[in-house]
Amino acid sequence: ADIPVIPDLEEIQEEDLAVQVAAPPSVQVNRVLTYHDLDKDLMKYAAFQTLDGEVDLKLLTKVLAPEHELREDDVSWDWDHLFTEVSSELVTEWDLGQSERED
């Protein structure tokens with residue numbers, strides 16, 4: 001009584017896509033080390049005190065600037081103000097160069 005019917009390829013593709021679920025993207029999250037952690041690791045591990053097993057970095061690690069000296073406040077830049085400031089400095093330098101050539 002039931003006659004088997006061969007389905008169209010388009011019907012099968014539509015059905016397959018409707019049932020499939022996209023796999024979520026895999027993102028590897030690495031913890032970002034703080035300056036304090038990096039400082040501790042630098043002094044703790046001897047591997048950080050030589051480069052390629054030949055160059056001694058102990059002198060460099062002694063004179064590295066501490067974190068509080070490296071911190072700067074965030075300053076927002078205004079394009080028009082920055083462009084005007086740089087243009088003004090360039091014109092001033094150019095004028096000084098011209099006056100030196102004339103002398």
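This passage describes the fold, surface and confidence of one protein chain.

The model is predicted; local features need pLDDT of at least 70, and side-chain atom pairs count only at pLDDT 80 or more, while totals for chains, interfaces and linings use all residues. Residues are numbered from 1 along each chain as its sequence is written, and side-chain values use heavy atoms, without hydrogens and water.

The protein chain holds 5 helices and 2 strands (DSSP runs: H or I, at least four residues, for helices; E, at least two, for strands). Their order along the sequence is α-α-β-β-α-α-α.

Mean pLDDT, the predictor's confidence per residue from 0 to 100, is 77 for the protein chain. Of its residues, 76% reach 70 or more. Helix α1 (residues 9-19) has the lowest mean among the elements, 63. Helix α5 (residues 79-102) has the highest, 90.

Of the 103 residues, 5% are buried (under 20% relative accessible area, with a 1.4 Å probe and protein chains only; exposed is over 50%, partly exposed in between). Leu38 lies in helix α2 (residues 35-44). Leu38 counts as partly exposed because its relative accessibility is 42%.
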